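Please look over the sequence and the model shown below before reading on. The report that follows describes how its parts are arranged and how they meet.

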Amino acid sequence: MDHFSYQNGEMFAENVSLKTIAREVGTPVYVYSTATLVRHFKVFSEAFSGLDALVCFAVKANSNQAVLATLAAEGAGADVVSEGELIRALRAGIPADKIVFSGVGKKAGEMAAALKAGIKQFNVESEPELEVLNSVAEKMGLIAPVSVRVNPDVDAKTHHKIATGKSENKFGIAWSKAEDVYARIAQLPGLRATGVDVHIGSQLTDLGPFKAAFEKVLGLVKRLRASGHTIDHIDLGGGLGIPYDPAEESPPSPGLYGAMIKEVLGDMDCSIILEPGRLIAGNAGILLSELLYVKQGEDRIFYIVDAAMNDLLRPAMYDAFHAIQPVDEPQSDHTIAADFVGPVCESGDTFATGRQTPELEPGDLVTVKSAGAYGAVLSSTYNTRELVPEVLVNDDKYAVVRARPSIDDLIGLDKLPDWLTR
Ligand SMILES: *Cc1c(COP(=O)(O)O)cnc(C)c1O
């Protein structure tokens, strides 16, 4: 459920007219709903009631300070994958002891920053990373809490670019090596193993792969405990999918996901960490765009909008489906087929092909739905387009939470070497 709906014939975000935002901020622009973010966070958290669970929002899904501060106020922790995300999470008010640090390529300096901040745990993804973390911690006179991210070799049955739990993926430590790695950690004075971590992929629409992975992890935790390791929590990663295309996908509810986890891990006597990103933010945001031109091609109609792949990369990168809805409520059920495309000079700059849509005219506004996760964070300035701004709505108020930079700001980042200055 989200809070983008028609009121008196036009689409609102909560109680703010999207036409007002388009007029005052300009398009393209991301619009997020506070009520939806909070609702998703609560529904997800409540699915784990009765368990000792920490919900760490995956910052890479949406790292805007206002979004993170909204979730921090609800008690969210953070899953970060870089020093930059660590600083974002801390600045937004997420306490260090609710932050976990994932990622296959942490640099020594990033580890030091996280140790200094006092984060909850490092999710370690390789043996060489363990050695580096140990020496960084020793030099600082600290002990790094670590979980080993294991690769359970489970097929997440999702798009290949967001599947992370098969042995051919770069993520996690090979299943067959896991126990040796814990034995090694026990020998390293700068490290303390506290848990086991797994994350098999993103946009999973079936509980089966999760269950298969979690059952394997459960077996591992039992073996590790039997050989004397203190494993007091299990990090189950993120990955629960959302219905981008309700006709195609019906992912399990957080309630069903939580019930499955309770069934598999309920009597393990340990706390759990969850790292949802998309599920919290995905349907809490839309990309608002204006139709510039209607172009009649040889065999199709192109709706050329002012948003492009640099603003929302998911269709180009993952062949992702995003529903597109006009801001003016359609007055009839009549639809035509059209390709929604952006201005960027790439054929991949296509949001939808042959999409059934109410007939539109230049100047009409459209919303590209489910764009709150992996939207603005993946935006770029390709084609020297200004970085897309972000707006956060809260009931009848809205605020620009990332402004559109000027073309001067953008070009000002470049510097001419002295041999080219006139
Ligand atoms: C991307 C990622 C997540 C979040 O995935 P979602 O599908 O957005 O829930 C969680 N944990 C790790 C380690 C990730 O890389």
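The C-alpha centres of domain 1 and domain 2 lie 32 Å apart, with domain 1 covering 4–31 + 282–411 and domain 2 covering 34–279, bounds that come from an automatic or database domain assignment. This is a predicted model, in which local features need pLDDT of at least 70 and side-chain atom pairs count only at pLDDT 80 or more, while totals for chains, interfaces and linings use all residues. Residues are numbered from 1 along each chain as its sequence is written, and side-chain values use heavy atoms, leaving out hydrogens and water.

| Domain 1 | 23 residues |

Together the two domains bury about 2,000 Å², 54% of it on carbon and sulfur atoms, where buried area is the accessible area (1.4 Å probe) lost by two parts on being put together, summed over both. Of the area that domain 1 buries against domain 2, 28% is supplied by Tyr318, Phe321 and Tyr374, more than by any other three residues. Zero salt bridges are found across this interface, a salt bridge being a side-chain nitrogen of Lys or Arg within 4 Å of a carboxyl oxygen of Asp or Glu.

The elements giving two or more residues to the side of domain 1 that touches domain 2 are α11 (314–318), β20 (390–394) and β21 (397–402), where helices (H or I, at least four residues) and strands (E, at least two) are DSSP runs numbered from the N terminus. The largest share of that side, four residues, comes from β20.

Methods:
Contact means heavy atoms within 4.5 Å.
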